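Okay, everyone, thanks for coming. Let me put the model up on the screen, and then we'll walk through a few spots together.

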Amino acid sequence: MKRDLTATEEKRSVPFATRRSVTSQNEAVARATLLHMTPRKWRLVCVFEALLRFLKPLMPLIPPPEDPSKPLGSILVVEYWNLGDLAVLVPFLRNLRQRFPKTIISLLVRPELAHFLDGQGIVDEFIPVRVPWGRHFSRWRKYNPFSLDWISLLRTILALRKRQFEWGFSGRMDVRDNLVLWLCGARRRIGYSIGGGGCLLTDQVPPDASRPHRVDVWLHLLQAVNVLPDPKLDGLRLTNAHHAHARSFLLAQGIPPDSFLIGVHPGARIATRRWGDQHFAEVARRVLEKTDAYVLWFLEPGTSGQAPQMDRCHATSFGFVSFLSVLSYCRLLICNDSGPMHLANLLGVPVVAVFGPARPEWLGPRGPHDRVVIRPEFSCRPCFDYCIFDQPYCLRTISTDEVYSAVEGALGSAYTEKPGSASVR
């Protein structure tokens with residue numbers, strides 16, 4: 001009997017060890033596939049996580065989740081990064097709203113983006129927060145201990161802890177975001193541990209390395225709460241007032257109502273993602289020469305850029321809501337890898353996106369008619385916008401011929417040949 005018990009215990013221990021080994025290997029693969037995290041950076045994360053484990057018992061305890069049979073009262077979603085990241089979040093929020101229509105959904109967001117989803121009916125409360133490492137590109141400014149942003153962040157966290165959110169979500173796969181989620185005091189904290197901070201979560205969702213796009217990464221979190229995501233729940237909803245504003249603008253510019261509109265947005269928040277105004281201008285010139293389309297050249301408010309002086313090319317500079325309204329009337333947007341690219345996707349506007357340092361499989365456009373122009377031979381991608389060369393050659397080597405060819409493919413021959421074919425709306 002003793003031998004039988006020993007043999008049984010050995011049989012049980014082997015599968016457990018194997019499972020641990022397989023889990024560890026899967027997480028390493030996911031870190032490489034979904035985060036492109038180097039071993040050096042992972043060691044730094046592990047050191048930081050060990051410090052968190054030491055400090056965690058010194059913090060006030062967070063109450064356990066309430067009875068799951070009770071109606072869910074509040075959800076906190078953490079996404080305080082950039083416009084494109086917030087646009088990627090929309091399908092997740094729509095699925096969350098459909099499943100929990102009466103629950104108060106709060107979004108932790110950058111102050112300047114707090115009105116991005118106004119009127120969409122998917123967020124009940126926007127909580128502005130200034131997070132130093134999410135606001136600045138310079139590494140020094142991100143972690144400058146003398147920044148007043150730390151005081152603002154601390155005040156926001158203390159206010160949120162008092163509210164005791166029932167659920168909290170973070171889909172960034174980042175130890176810093178998991179830390180913010182834990183500090184905010186949500187009773188049930190749902191996220192990914194592959195980037196560190198698993199000890200701060202109540203629900204560590206296993207990642208799906210076969211679906212690396214950030215839209216899918218967010219939607220995958222819903223499996224922890226037994227929600228089957230509906231991929232059709234996405235997009236932004238515009239009101240009649242938005243459409244009226246867009247029609248009024250186009251009429252004031254002398255653009256006929258049935259015109260074929262092509263938007264060009266040459267800007268991007270990060271310099272290493274800008275292909276260059278002169279290159280976009282050359283593509284716009286060829287579009288105007290070979291079609292009867294009208295070009296809307298979108299300038300970012302407050303910038304010193306200038307639109308090319310060409311017939312049927314109209315310079316525009318809008319606030320956020322007006323930009324969405326006019327963009328929705330475009331039949332194509334030509335742009336960098338930027339926030340406007342994601343907004344066009346949410347509006348159902350096809351895009352031709354010029355990609356440099358980022359990976360399209362992570363954050364690229366997802367529409368059936370979208371085109372990405374990229375030079376795949378650069379093994380340094382993704383560099384997370386910290387270019388290791390004197391300039392981003394991954395962008396500089398992309399020619400106007402390549403981009404215009406993609407524009408032709410997106411429009412189709414029926415829309416790129418004169419006469420009059422491009423005026424069909």
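Let's start with helix H13, residues 339-346: it is largely enclosed by the rest of the structure, because seven of its eight residues are buried. When I say buried, I mean under 20% relative accessible area, while exposed is over 50% and partly exposed is in between, using a 1.4 Å probe and protein chains only. Helices here are DSSP runs of H or I with at least four residues, strands are E runs of at least two, and both are numbered from the N terminus. The buried ones in H13 are Gly339, Pro340, Met341, His342, Leu343, Ala344 and Leu346. Just after H13, Gly348 takes a positive phi of about 75°.

Quick word on where this comes from: it's a predicted model, where local features need pLDDT of at least 70, side-chain atom pairs count only at pLDDT 80 or more, and totals for chains, interfaces and linings use all residues. Residues are numbered from 1 along each chain as its sequence is written, and side-chain values use heavy atoms, with hydrogens and water left out.

Now, salt bridges. Side chains of opposite charge can pair when their charged atoms come close. The rule is a side-chain nitrogen of Lys or Arg within 4 Å of a carboxyl oxygen of Asp or Glu. How many salt bridges do we get by this rule? The count is 17.

Take Arg273 and Asp385, whose closest N and O atoms are 2.9 Å apart. Arg273 sits in the loop between strand E7 (261-265) and helix H11 (277-290), and Asp385 in the loop between strand E12 (371-373) and helix H15 (393-396), so this pair ties together parts that are 112 residues apart in sequence. Arg273 is buried at 18% relative accessibility, and Asp385 is buried too, at 7%.

Another one is Asp401 with Arg286, at 2.6 Å between the closest N and O atoms. That pair also links distant parts of the chain, with Asp401 in helix H16 (residues 400-411) and Arg286 in helix H11, 115 residues apart. Arg286 counts as buried, at 16%.

Then there's Asp216 and Arg211, with closest N and O atoms 3.1 Å apart. Is Asp216 buried or exposed? Buried, at 12% relative accessibility, whereas Arg211 is partly exposed at 45%. Those two and Arg366 are linked in a network of salt bridges.

Last stop, the surface: Phe48, which is in helix H2 (residues 39-55), is partly exposed, with a relative accessible area of 31%.
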